[in-house]
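Please take a moment to look over the sequence and the model shown below, and then follow the paragraphs that come after it with the structure in view.

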Amino acid sequence: MNGQSEKTPVVAGLARSEGGRPTQGWVNGFLGMLIFSGSLPATRVAVLELDPLFLTAVRAVIAALPALCALLFTRQPRPGRGDLPALLSVAVGVVIGFPLLTALALQHATSAHSLVYIGLLPLATACFGVLRGGERPKAAFWAFSVLGALLVGGFALSQGGGGAGVGDALMVGAILLCGLGYAEGAVLSRRLGGWQVISWALAIALPLTSVAALLTAPNGWPTIGGAAWLSLIYVSVFSMWIGFIFWYRGLAQGGIAAVGQLQLLQPFFGLALAGLVLHETVQPAMIAVMAGVLACVFGARRFSR
């Protein structure tokens, strides 16, 4: 009895959203969200000197090293066969799909422009959660969902330009894949634990990402500047692994539905970083669109059950 209870604190915390340590959950969730906020600005810096395919592969390889060490050091049991499809979805969504598509998108658009789409990520996660869980939300949920999509679509069309259109399409794909990965990971974390889910997903993807990193490695290493190297370290260690440790710990301690709302703040912190670090222009229209999307997400959340 005692051994079993000691192995499942994360599961117990996820099952009891009002129990545990909600204050610490909000703190950890906020730290995770803050770390994720720097992902797109750092990726924007990295893709100026690194190929997006190489960046996607090598960041997953670098993140897999501490993840594997943590799994081995804590002697985590291997996931069951029934968990593999969900882990593959997490790997495809947040380890490979989202980093690759955002890196490609940031070759065509600024991080400030692309951050507008992050406002749709909580909504995409909720939609995949509804589809996967077989729930029947009210009609108002879909109304808010469509309105949020129209706001983002209208903003993208108003910007014009062929390059921006490519970046917009890539960001839409990135959000869909990440939403799927988040939804699958949230369900799976009830059994395996939050940081274990992202660690196992990185481990599963390691054979593919290591080969891809070798095949796409640049020839001229000395030409890569320090800013690109720092950005690579950030998106590898912090965005790909440490951020998930805080984020999933926050979800476990404070509840998925409650702490998950902190993700809505990510675009605003990301825009602030894009303006301060990259000196990109943050248009008032971007802030207005994100405010509208924020209202739509809150409305959709309210009528999701």
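**A guided look at the model**

Arg-191 has a relative accessible area of 49%, which lies between the 20% and 50% cut-offs, and therefore this residue is described as partly exposed. Keep in mind that the model is a predicted one, and that the values discussed here are computed from it.

What does Arg-191 pair with, and how far apart are the closest N and O atoms? Its partner in a salt bridge is Asp-83, and the closest N and O atoms of the two are 2.7 Å apart. Because Asp-83 sits in the loop between α5 (52-73) and α6 (84-105), while Arg-191 belongs to helix α10 (residues 162-192), the pair ties together parts that are 108 residues apart in sequence. In general, side chains of opposite charge can pair when their charged atoms come close. The count of salt bridges in this model comes to one. Asp-83, for its part, has a relative accessibility of 10%, and since this is under 20% the residue counts as buried.

Is Gln-196 buried or exposed? Its relative accessible area is 8%, so Gln-196 is buried, the cut-off being under 20%. The side chain of Gln-196 also makes a polar contact, at 3.2 Å, with the side chain of Trp-195.

Phe-30 lies in helix α3, and because its relative accessibility is 31%, between 20% and 50%, Phe-30 counts as partly exposed.

Finally, we can look for empty space inside the model. Rolling a probe the size of a water molecule over the atoms shows where such space is left. The structure holds two cavities of 30 Å³ or more, and the largest cavity has a volume of about 230 Å³. This largest cavity is lined by 18 residues, and those lying nearest its centre are Phe-36, Ser-39, Phe-98, Tyr-182 and Ser-239. The elements that give two or more residues to its lining are α4 (39-47), α6, α7 (111-118), α10 and α12 (226-254), and the largest share of that lining, four residues, comes from α6.

Terms used. Residues numbered from 1 in each chain as written. Predicted model: local features only at pLDDT ≥ 70, side-chain atom pairs only at ≥ 80, totals over all residues. Heavy atoms only, no water. Buried < 20%, exposed > 50% of the residue type's maximum accessible area, 1.4 Å probe, protein only. Polar contact = N/O pair within 3.5 Å; in protein donor to acceptor, adjacent residues only side chain to side chain. Salt bridge = Lys/Arg side-chain N within 4 Å of Asp/Glu carboxyl O. 1 Å grid on protein atoms, 1.4 Å probe; cavity = no way out; pocket = protein on both sides within 12 Å on 5 of 7 lines; lining within 4 Å. Points joined across faces, edges and corners; volume = space filled by probe spheres on them.
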